[in-house]
Amino acid sequence: MFTTYALQSIHKNYIYKGFTSNIEDRFKRHNEGREKTTAPYSPFKIIYTKQFSNRKEARDHEKWLKSSSGREFLKSLR
């Protein structure tokens, strides 16, 4: 099982999109500053998750979230 997710920085105007097979561990790593890409923007809150049965579907959905229509969708969740 894979999860595509979006995190919103609590203090800055930043949304991170990704996918993982372990959302709890991944979220913890982001908030602890252990991920180089997101460390300057922590702490985060989860604003979106969607589960998929395989890695390819999760990756394809992550790509959509990073597209202009996907970004607009995530902005509407704020």
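Which residues in helix 2 (residues 55-65) are buried? They are Ala58, His61, Glu62 and Leu65. Buried means under 20% relative accessible area, exposed over 50%, and partly exposed in between (1.4 Å probe, protein chains only). This is a predicted model: local features need pLDDT of at least 70, side-chain atom pairs count only at pLDDT 80 or more, and totals for chains, interfaces and linings use all residues. Residues are numbered from 1 along each chain as its sequence is written, and side-chain values use heavy atoms, with hydrogens and water left out.

**Helix 2**

- Ala58, His61, Glu62 and Leu65 are the buried residues here.
- They sit on the same side of helix 2 because they cover an arc of only 105° around the axis. The arc is that of the directions from the helix axis to the C-beta atoms.
- These buried residues pack against strand 1 (2-9), strand 2 (15-20), strand 3 and helix 3.
- Helices (H or I, at least four residues) and strands (E, at least two) are DSSP runs, numbered from the N terminus.
- At the helix 2 start, a side-chain oxygen of asparagine 54 comes within 3.2 Å of the backbone nitrogen of lysine 56.

**Glutamate 35**

- Glutamate 35 lies in the loop between helix 1 (23-31) and strand 3 (44-52).
- Its relative accessible area is 13%, so glutamate 35 is buried.
- Neighbours within four places in sequence aside, glutamate 35 is in contact (heavy atoms within 4.5 Å) with Arg26, Arg29 and His30.

**Lysine 75**

- Lysine 75 belongs to helix 3 (residues 68-77).
- Lysine 75 counts as partly exposed because its relative accessibility is 45%.
- Lysine 75 and isoleucine 46 are 29 residues apart in sequence and 13 Å apart in space, C-alpha to C-alpha.

How values were computed:
A polar contact is a pair of N or O atoms within 3.5 Å; within protein, one must be able to donate a hydrogen and the other to accept it, and residues adjacent in sequence count only if both atoms are side-chain atoms.
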